[in-house]
Amino acid sequence: MRALIFAAVIAVAGCSSMNPLDWSHRVEVQQGNYVTQDAVAKLKPGMTRAQVRFLLGTPLLTDPFHADRWDYKYSDAKGGKVDPSTDKLLTIHFKGDALDRVEGNAQPAPPAKQLDASAPAQEAKKP
């Protein structure tokens, strides 16, 4: 009977999240709006809500009690842990339908994708 209990304890311990041999895959999770500094630089006071939405996308958070404020939040979790360096909040304030001011941080522009030199170049056909 003791051997059976010991085997059950060992089996359950293998399911623990504290297991140093845990090689399970952890998904990279990106949540929110990835708003770049380039996009924020294009904002001008007096722009309409539709123009701001076109540049930045639909805001992640809209507060019914503060209808003149849009919040663009972004965070990135790698390996199950949130990376604080990617945690950003950008707040857009409106007066009526016009952009009043912008507060907070935006993400840097993503690195340019490098083309594979071994891939054949595709040229646009001109009529």
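Two parts of this protein are in contact when they have heavy atoms within 4.5 Å. With that in mind, let's look at one helix, its charged partners and a cavity. This is a predicted model, where local features need pLDDT of at least 70, side-chain atom pairs count only at pLDDT 80 or more, and totals for chains, interfaces and linings use all residues. Residues are numbered from 1 along each chain as its sequence is written, and side-chain values use heavy atoms, with hydrogens and water left out.

**Helix α3**

- Helices (H or I, at least four residues) and strands (E, at least two) are DSSP runs, numbered from the N terminus.
- The buried residues of α3 pack against α2 (37–41), β3, β5 and β6 (98–104).
- In α3, which spans residues 49–56, Arg49, Val52 and Leu56 are buried (under 20% relative accessible area, with exposed over 50% and partly exposed in between; 1.4 Å probe, protein chains only).
- These residues sit on the same side of α3 because they cover an arc of only 60° around the axis, taken from the directions from the helix axis to the C-beta atoms.
- Exposed Ala50 and Phe54 are found on the face turned away from the buried side of α3.
- Just after α3, glycine 57 has a positive phi of about 95°.

**Salt bridges**

- Side chains of opposite charge can pair when their charged atoms come close.
- The count is six salt bridges, each a side-chain nitrogen of Lys or Arg within 4 Å of a carboxyl oxygen of Asp or Glu.
- One of them joins aspartate 68 and arginine 49 at 2.7 Å, N to O.
- Aspartate 68 is in strand β3 and arginine 49 in helix α3, so this pair ties together parts 19 residues apart in sequence.
- Arginine 49 also forms a salt bridge with aspartate 97, with the closest N and O atoms 3.6 Å apart.
- That pair links helix α3 to the loop between β5 and β6, 48 residues apart.
- Another salt bridge brings together the side chains of arginine 101 and glutamate 103 (3.0 Å, N to O).
- Through shared partners, salt bridges join Arg49, Asp68 and Asp97 into one network.

**The cavity**

- A cavity is a set of points on a 1 Å grid over the protein atoms alone where a 1.4 Å probe fits but cannot get out, and its lining residues have an atom within 4 Å of a point.
- The structure holds one cavity of 30 Å³ or more.
- The largest cavity contains about 40 Å³ of space, a volume filled by probe spheres set on the points, which are joined across faces, edges and corners.
- Its lining includes Asn33, Tyr72, Lys88 and Gln107.
- β3 (66–78) and β5 (88–95) each supply at least two residues of that lining.

How values were computed: 1 Å grid on protein atoms, 1.4 Å probe; cavity = no way out; pocket = protein on both sides within 12 Å on 5 of 7 lines; lining within 4 Å.
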